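I want to see which of them pair up and where the partners sit.

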Amino acid sequence: VFAANLTGGKVNVIDVSNPTAPRLASSTYLGGNPYGLAVQGKYLYVANQANGRMQVVDISNPVAPALVGAYTGGTNPTGVYVSGKYAYVADAGKGFYSLDISNPASPALVGSYDATGAYYGVAVAGDYAYIADHAGRMRVLDLINPATPTLVGSSTVATGLPMAVTVSGKYAYVANDTGGLAVFDINGVKT
């Protein structure tokens, strides 16, 4: 299990091979405030809130993770979702952007949406990104062309400030800092 240590600037790797006795296998210092994590293959993608980076860590050896690359053009990345050759980043200071991660050592900006949005979480299902907007909304972007994400929908969250979103089947679940959980019917988008 990979866990962000927000205030310690670290990502911890926890060995859960014995679920009744989890143990710390390693800890990697990345600086800043690691906030959101995503795993694909042998890489861990870290949205690092305080240093404005989306960092890439090689986790092929979980007891010795190694930083291999970073995108440094962010402001306050808080969420990341990886699908295929793209990392989709929610940034509380810079909105939403897509990165080409075909070369993990050098993630490259592909496209962006709303450079002023306070976005905290992102999930992708099919051709759509679902974003937890700290302004009290869940936004839906069309990603058919990752270079030009386009807003196709938006829904108000009844209470609280959206912090995270996940999609399962035909529902999007949005966690709010003070408002609990909001559930949205997204019309059967396949994950």
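This is a predicted model: local features need pLDDT of at least 70, side-chain atom pairs count only at pLDDT 80 or more; totals for chains, interfaces and linings use all residues.

I started with the count: the structure holds 5 salt bridges, taking a salt bridge as a side-chain nitrogen of Lys or Arg within 4 Å of a carboxyl oxygen of Asp or Glu. Residues are numbered from 1 along each chain as its sequence is written, and side-chain values use heavy atoms, with hydrogens and water left out.

Entry one. I looked up Asp 15 and found it bridged to Arg 23, with the closest N and O atoms 3.2 Å apart. For exposure I use buried for under 20% relative accessible area, exposed for over 50%, and partly exposed in between (1.4 Å probe, protein chains only). Asp 15 is partly exposed at 23%, and Arg 23 is partly exposed at 47%.

Entry two. Asp 58 and Lys 42 form a salt bridge at 3.8 Å, N to O. This pair links distant parts of the chain, 16 residues apart: Asp 58 is in strand E6 (53-58), Lys 42 in the loop between strands E4 (34-40) and E5 (43-48). Strands here are DSSP runs of at least two residues, numbered from the N terminus. Asp 58 is buried at 16%, while Lys 42 is partly exposed at 40%.

Lys 85 pairs with Asp 100, closest N and O atoms 3.9 Å apart. Lys 85 sits in the loop between strands E8 (77-83) and E9 (86-91) and Asp 100 in strand E10 (95-100), so the bridge ties together parts 15 residues apart in sequence. Lys 85 is partly exposed at 42%.

Terms used:
Helices (H or I, at least four residues) and strands (E, at least two) are DSSP runs, numbered from the N terminus.
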